[in-house]
Amino acid sequence: MASKKRLYFLIIPAVCIYVTAVGFVIAGSASRSPSMPQKISQQDAEIDAAAQNPNSTNEIIITLSDRTRPAAKPEQTETKAEEKTSAVKTIFAKLNPNAEKNNSKTEEANSSVSAAAADLSGESAVNIAAAENSASEIDENDELPLDLATGLNGMGGADVTPQPNLGIEAPELYYTVYRLKPGDMIGTLAADYNITQDTLISVNNIKSSRTIQIGQYIRIPSIPGIVYTTRIENETPESIAEKYKVSAAKVALVNNTETTTAFSAGTTLFVPDAELDWITRQEINGDLFKRPLKRGYYISSRYSWRTNPFTARRTFHNGVDLAAPQGTPIYAALEGTVVATGWDNVYGKFVTVSHHSGYKTLYGHMSKITTKKGAYVTTSTKIGEVGSTGQSTGPHVHFTVYKNGRTINPENLWN
């Protein structure tokens with residue numbers, strides 16, 4: 001009996017010591033958070049389950065937070081960028097267990113993407129590069145960006161409206177109504193609105209840039225280009241673009257049609273980036289003709305209604321009279337071919353020259369003709385001398401410009 005009592009005295013303290021030790025161990029374990037490998041194992045299990053589940057959407061949000069990231073140690077050799085890149089690759093491999101079999105196809109696809117990026121604008125290429133390097137730009141305390149976290153689902157495609165040509169964006173065409181004020185000129189307005197002079201001239205059907213007036217309203221389009229009216233049947237954006245050496249895709253996009261759409265004659269379109277031909281531009285800007293006299297003259301009668309000095313009746317003067325001393329050289333106002341020379345009861349000794357684009361010029365009241373029919377002349381060719389032949393009140397040259405048989409004001413066409 002005494003021995004049993006002694007045994008109890010030895011066992012009970014031992015049990016108490018053991019229980020106490022176990023309690024400390026358990027308490028210490030409970031005070032520590034699970035280690036990083038444990039957390040990763042749990043995520044791996046979730047990823048494996050999602051990858052094996054045929055109904056899974058493969059969309060897993062991975063959060064890289066301080067709760068699941070171990071404290072950095074001085075002996076670590078991997079950089080933060082490498083860790084993040086490695087984590088993304090690991091997750092991608094879990095979601096795509098057959099990815100290794102498609103490495104060669106993936107490399108080909110990457111090459112195609114790189115080539116496409118090289119064809120894009122500088123800004124787009126920069127954006128692509130930024131997206132590719134975004135994993136290395138994640139701060140240690142940040143979460144994995146949504147584009148990386150949810151972009152591992154293997155989906156593709158661009159949710160935008162298809163375009164006729166890859167890389168061609170649809171320019172937005174709209175108009176601003178502007179009222180001309182003192183000092184406004186076609187050139188300065190074009191520069192202010194980042195378009196061309198041709199655009200303003202064409203859109204507003206300006207026949208002479210010198211005739212625009214203060215207070216006049218004009219339309220200013222948002223993009224450069226010209227208005228074009230089809231002249232024959234079955235013209236298409238492709239054929240029009242070829243004419244002006246511009247993008248057929250842009251022509252189609254701006255006019256909300258297809259590149260192969262055939263239009264009937266008389267259809268009006270806006271042709272982005274197109275320019276007027278140089279003849280039309282010179283004509284409208286008043287740079288097409290030179291003045292037939294180079295020195296020592298003044299305008300004695302303009303292209304307008306007046307009282308005729310011989311009949312005293314009000315008649316329309318169809319040209320410009322340039323008064324100058326007898327014998328002053330007269331030159332062709334534009335290169336062309338002499339089609340007529342001789343005598344006329346009104347114009348006296350005269351010369352007529354035919355030019356391109358339906359233009360002809362008449363020079364009258366000469367004292368002397370120094371060219372002949374059929375001769376090719378330039379603005380440096382002397383064709384006669386100032387006189388006072390025919391119905392004339394004094395030495396001058398009468399200068400008339402015809403366009404397709406009708407007279408127009410020479411002062412709107414010479415520089």
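A residue is called buried when its relative accessible area is under 20%, exposed when it is over 50%, and partly exposed in between (1.4 Å probe, protein chains only). By that rule E385 is buried, because its relative accessible area is 17%. The structure is a predicted model, in which local features need pLDDT of at least 70 and side-chain atom pairs count only at pLDDT 80 or more, while totals for chains, interfaces and linings use all residues. Residues are numbered from 1 along each chain as its sequence is written, and side-chain values use heavy atoms, with hydrogens and water left out.

- Strands (E, at least two residues) are DSSP runs, numbered from the N terminus.
- Strand β15 covers residues 396-403, and six of its eight residues are buried, so the rest of the structure largely encloses it.
- Two strands pair if DSSP finds at least two bridges between them.
- With strand β8 (residues 320-323), β15 forms an antiparallel pair over four bridges; here L322 stands opposite V397 of β15.
- With strand β12 (residues 359-369), β15 is again antiparallel, over six bridges; here K360 stands opposite Y402 of β15.
- Strand β16 (residues 406-408) also runs antiparallel to β15, and three bridges join the two; the bridge partner of V401 is I408 in β16.
- The hairpin of β15 and β16 has two residues between the strands, and N404 in this hairpin takes a positive phi near 55°.

**Salt bridges**

- A salt bridge is a side-chain nitrogen of Lys or Arg within 4 Å of a carboxyl oxygen of Asp or Glu.
- The whole structure holds eight salt bridges.
- R302 and E411 form a salt bridge in which the closest N and O atoms are 2.6 Å apart.
- This pair links distant parts of the chain, 109 residues apart: R302 lies in the loop between β5 (298-301) and β6 (304-307), and E411 in the segment after β16.
- E242 and K245 form a salt bridge, with the closest N and O atoms 2.7 Å apart.
- K382 and E385 meet through their side chains in a salt bridge of 2.9 Å, N to O.
- D198, E275 and R281 are linked in a network of salt bridges.

**Exposure of the salt-bridge residues**

- K245 counts as exposed because its relative accessibility is 63%.
- R302 has 45% relative accessibility, so it counts as partly exposed.
- K382 has 32% relative accessibility and therefore also counts as partly exposed.
- E385, the salt-bridge partner of K382, is buried at 17%.
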